[in-house]
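Please look through the structure shown below. The paragraphs that follow lead through its aromatic residues, its strands and its helices.

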Amino acid sequence: MYRISKQFAFSASHQLFGVPEGHPCSRLHGHNYIVEIELSGATLNQAGFVRDYLELGALKSYIDDELDHRHLNEVLGDDLVTAERLAKHLFDWAFSRWPEVTAMRVSETPKTWAEYRP
């Protein structure tokens with residue numbers, strides 16, 4: 001199996017309403033997010049790629065246009081915009097375009113990652 005991945009970055013705010021009172025994430029706050037997409041394939045295309053990295057520019061455009069410097073609760077219409085849910089949202093967006101997508105990872109801090117892998 002061949003695997004490739006690419007990272008993207010953006011900054012955005014969110015607020016969690018489903019956490020206990022006093023939880024720091026219940027306050028409006030922001031993160032410098034890192035998003036990593038993974039694509040896999042048992043074979044390579046004629047150019048020798050799982051998928052050409054240039055094609056993943058569409059994901060960068062989506063992130064830049066729809067998520068960067070936005071309030072994610074408003075963008076996603078959800079009071080529980082966690083890294084886990086953001087990973088699933090981005091996975092679904094990417095998988096609808098590229099069937100080779102096997103995972104999406106989202107980091108809110110340098111030490112934390114959430115992954116969606118069906």
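In this predicted model, helix α3 spans residues 83-95 and holds both Phe-91 and Phe-95, which are four residues apart, or about one turn of the helix. The surroundings of the two residues can be described through their accessibility. Phe-91 has a relative accessible area of 5% and is buried, whereas Phe-95, with a relative accessible area of 42%, is partly exposed.

A search of the whole structure gives five aromatic pairs. One of them is formed by Phe-91 and Phe-95: the ring centres are 5.5 Å apart and the planes stand at 10°, so this pair counts as stacked, for which the planes must be under 30 degrees apart. In general, the distance of the centres and the angle of the planes describe a pair of aromatic rings.

Trp-93 and Trp-98 are both buried, Trp-93 at 14% relative accessibility and Trp-98 at 5%. Their ring centres lie 6.0 Å apart with the planes at 70°, and the pair is therefore edge-to-face. Together with Tyr-62, these two tryptophans form one aromatic cluster. Trp-93 also has a charged residue over its face, namely Arg-97, at 3.7 Å from the ring centre. A further arrangement of this kind involves Arg-105, which lies over the face of Trp-113 at 4.2 Å from the ring centre.

The strands come next. Four of them form an open sheet in the order β1-β2-β3-β4, with antiparallel pairing. At the edges are β1 (2-14) and β4 (112-116), each of which pairs on one side only. On average, and with direction ignored, neighbouring strands of this sheet are turned by 20° against each other. Within the sheet, strand β2 (residues 29-41) and strand β3 (residues 101-109) run antiparallel and are joined by six bridges. Glu-38 has Ala-103 in β3 standing opposite.

Which residues does Glu-100 touch, not counting residues up to four places away in sequence? Glu-100 has its place in the loop between α3 and β3, and its relative accessible area of 19% makes this residue buried, because the limit for that class is under 20%. Leaving aside residues up to four places away in sequence, Glu-100 touches Glu-38, Leu-39, Ser-40, Val-50 and Arg-51.

Helix α1 (residues 57-67) lies across β1, β2 and β3, and runs at about 10° to β1. Helix α3 lies across β1, β2, β3 and β4, running at about 145° to β3.

Where do the buried residues of α1 lie around the axis? The buried residues in α1 include Leu-59, Tyr-62, Ile-63 and Leu-67. Because these residues cover an arc of only 95° around the axis, they are on the same side of α1. Among the elements that cover the buried residues of α1 are β1, β2, α2 (72-76), α3 and β3. After α1 comes His-69, whose phi is positive, near 55°.

Conventions
Residues numbered from 1 in each chain as written. Predicted model: local features only at pLDDT ≥ 70, side-chain atom pairs only at ≥ 80, totals over all residues. Heavy atoms only, no water. Phe/Tyr/Trp six-rings, centres within 6.5 Å; stacked < 30°, edge-to-face > 60°. Helix = DSSP H or I, 4+ residues; strand = E, 2+ residues; numbered from the N terminus. Buried < 20%, exposed > 50% of the residue type's maximum accessible area, 1.4 Å probe, protein only. Lys NZ or Arg CZ within 6 Å of the ring centre and 35° of its normal. Pairing = 2+ DSSP bridges. Axes fitted to C-alpha atoms, helices over the stretch in contact; angles between N-to-C directions. Contact = heavy atoms within 4.5 Å. Arc of directions from axis to C-beta.
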